[in-house]
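Here is a short report on one protein chain. Look at the sequence and the fold, then read on.

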Amino acid sequence: DESGNGNDFTEANLAAADQATDTPTNSFATLNPLYFAAASYTIEEGNLQITANASNAWRSLYTTMPVTNGKWYFEVKVDAINAGDADNIVIGIVDIEQVVQTSSNGKFFGTSRGYGYHAKDGQKLTNDTVTDNGVDYGDAYTAGDIVGCAFDLDNQKIYWSKNGTFQDSGDPTTGATGTGSAFDIGSGYTYTPVIANYYTGEHYSFNFGGCPAFSISSGNADGNGYGNFEYAVPSGYYALCTKNLAEYG
């Protein structure tokens, strides 16, 4: 917009929170359309927004920036659910060695190092192939809600928030103490954010900080000044971007 020749545009109806922070010198994570499950979704908005097209089968979709160390934060907004769905959505992380490469019946939370937060009943899931063996954890979530995920690979802890409130009185800043941590996650592995859903017609928008696929009203950056999030990034946690990965990942 700043051409220097007097032909600059005048911005209209744009706030600071609308500005993308993803740049050629600092790229942020997106969903990865190369995984087999991608065929079950329509992927839009720079690979940050998905609509489920295949029904009656679990499928899992992963991201482009797995990490081995550090503390990381991302957000997912549930835009719409299937009218007959019991909110069969699971958001979390999984070890890339346990990524389920299939277009259907791919339950990342059915692996030993897949960790998820289930919309239907607010339970936490791991190594659960049927979603019936979850453990009570937090509140259920549905269309209109924003789920945050803070995962600490230095202390092997994971926390989820619903609309800015970390569940089970979780405090991601407590380090090895892990106050309210949902799981003690396996150490020495490389993890990627992931979502799984069951029914068609569902719609989700992701925010890794670079270019939110849903409207942001707050504009919260991480401690390095990177990213643009709806809710405050816990102290010591960072957006999944190349500059942060070079420093912490």
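How many bridges join strand β3 (residues 59–62) to β12, and do the two run parallel or antiparallel? Four bridges join them, and the strands run antiparallel.

## Ground rules

This is a predicted model: local features need pLDDT of at least 70, side-chain atom pairs count only at pLDDT 80 or more, and totals for chains, interfaces and linings use all residues. Residues are numbered from 1 along each chain as its sequence is written, and side-chain values use heavy atoms, with hydrogens and water left out.

## The whole chain

The chain has 13 strands and one helix. Strands (E, at least two residues) and helices (H or I, at least four) are DSSP runs, numbered from the N terminus. In sequence order, the pattern is β-β-β-β-β-β-β-β-β-β-β-β-β-α.

The C-alpha trace spans about 65 × 40 × 30 Å along its principal axes. The radius of gyration is 18 Å, which agrees with the value near 18 Å for a compact globule of 249 residues. That radius is taken over C-alpha atoms, and the globule rule is 2.2 Å times the number of residues to the power 0.38.

Of the 249 residues, 50% count as buried. Buried means under 20% relative accessible area, exposed over 50%, and partly exposed in between (1.4 Å probe, protein chains only). Contacts are heavy atoms within 4.5 Å. Among contacts between residues at least 6 apart in sequence, 62% join residues at least 24 apart.

## The five-stranded sheet

Five strands form an open sheet in the order β3-β12-β5-β6-β7, with antiparallel pairing. The edge strands are β3 and β7 (124–125), and each pairs on one side only. Two strands pair if DSSP finds at least two bridges between them.

Strand β5 (residues 89–95) pairs with β12 over seven bridges, in the antiparallel sense. β5 also pairs with strand β6 (residues 114–118), antiparallel over five bridges. There, Ile91 has Tyr117 in β6 as its bridge partner.

## Strand β12

Which residue of β12 stands opposite Arg59? It is Asn197. Ile89 also stands opposite Asn197.

Why is β12 described as largely enclosed by the rest of the structure? Seven of the seven residues of β12 (residues 191–197) are buried, so the strand is largely enclosed. Tyr191, Pro193, Ile195 and Asn197 point one way. Thr192, Val194 and Ala196 point the other way. Residues on both sides are buried.
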